[in-house]
Amino acid sequence: MRNRSDVPALERDVFIDDADDATKIANMLARIEKVATHQGFAIAIGHPRDLTLEALQKWIPAVQAKGFVLVPATDILRRTNFRGAGTGSGEPMGFAGGGH
């Protein structure tokens, strides 16, 4: 996607820890998997809080064992075919590969 200044940009799909609550964090991590399965990738953000870091330490090996690949957001930006093809619609564009 591109923003109004025609600068390539991405939007987050999941905010992992808007609440510092272990159950909610676990639910958001599960949501990341659902989004990635559906659209081929998911962009998630969170805080470096103790509960978040503990949850991520458990979740990362488990999600990798399921076949998901964790990449920097810049990799998603490169793969979303934004170059010269921005829709301007504000809708994220998918890419082949990655995810599950």
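**Surface, fold and one glutamate**

Modeller: The protein chain exposes about 6,500 Å², and carbon and sulfur atoms supply 52% of that area. Please note that this is a predicted model.

Biologist: What share of the 100 residues is buried?

Modeller: Buried residues account for 25% of the 100 residues in the protein chain.

Biologist: How many helices and strands are there?

Modeller: The protein chain contains three helices and two strands. Along the sequence, they follow the pattern β-α-β-α-α.

Biologist: And what percentage of the contacts between residues at least 6 apart in sequence join residues at least 24 apart?

Modeller: Of those contacts in the protein chain, 66% join residues at least 24 apart.

Biologist: Turning to E33, where does it lie?

Modeller: E33 lies in helix α1, which spans residues 22-39.

Biologist: Is E33 buried or exposed?

Modeller: E33 is buried, because its relative accessible area is 14%, and the cut-off for buried is under 20%.

Biologist: Which residues does E33 touch, leaving aside those up to four places away in sequence?

Modeller: With those left aside, E33 touches W59, V63, K66 and F68.

Biologist: Now to confidence. What is the average pLDDT of the protein chain?

Modeller: The average pLDDT is 82, and 77% of the residues score at least 70.

Biologist: Where does pLDDT stay under 50?

Modeller: It stays under 50 over residues 83-100. For that stretch, the model has 36 contacts beyond four places in sequence.

How values were computed:
Residues are numbered from 1 along each chain as its sequence is written. This is a predicted model: local features need pLDDT of at least 70, side-chain atom pairs count only at pLDDT 80 or more; totals for chains, interfaces and linings use all residues. Side-chain values use heavy atoms; hydrogens and water are left out. pLDDT is the predictor's confidence in each residue, from 0 to 100. Contact means heavy atoms within 4.5 Å. Helices (H or I, at least four residues) and strands (E, at least two) are DSSP runs, numbered from the N terminus. Buried means under 20% relative accessible area, exposed over 50%, partly exposed in between (1.4 Å probe, protein chains only). Accessible areas come from the Shrake-Rupley method with a 1.4 Å probe; for residues, only the protein chains shown count as cover.
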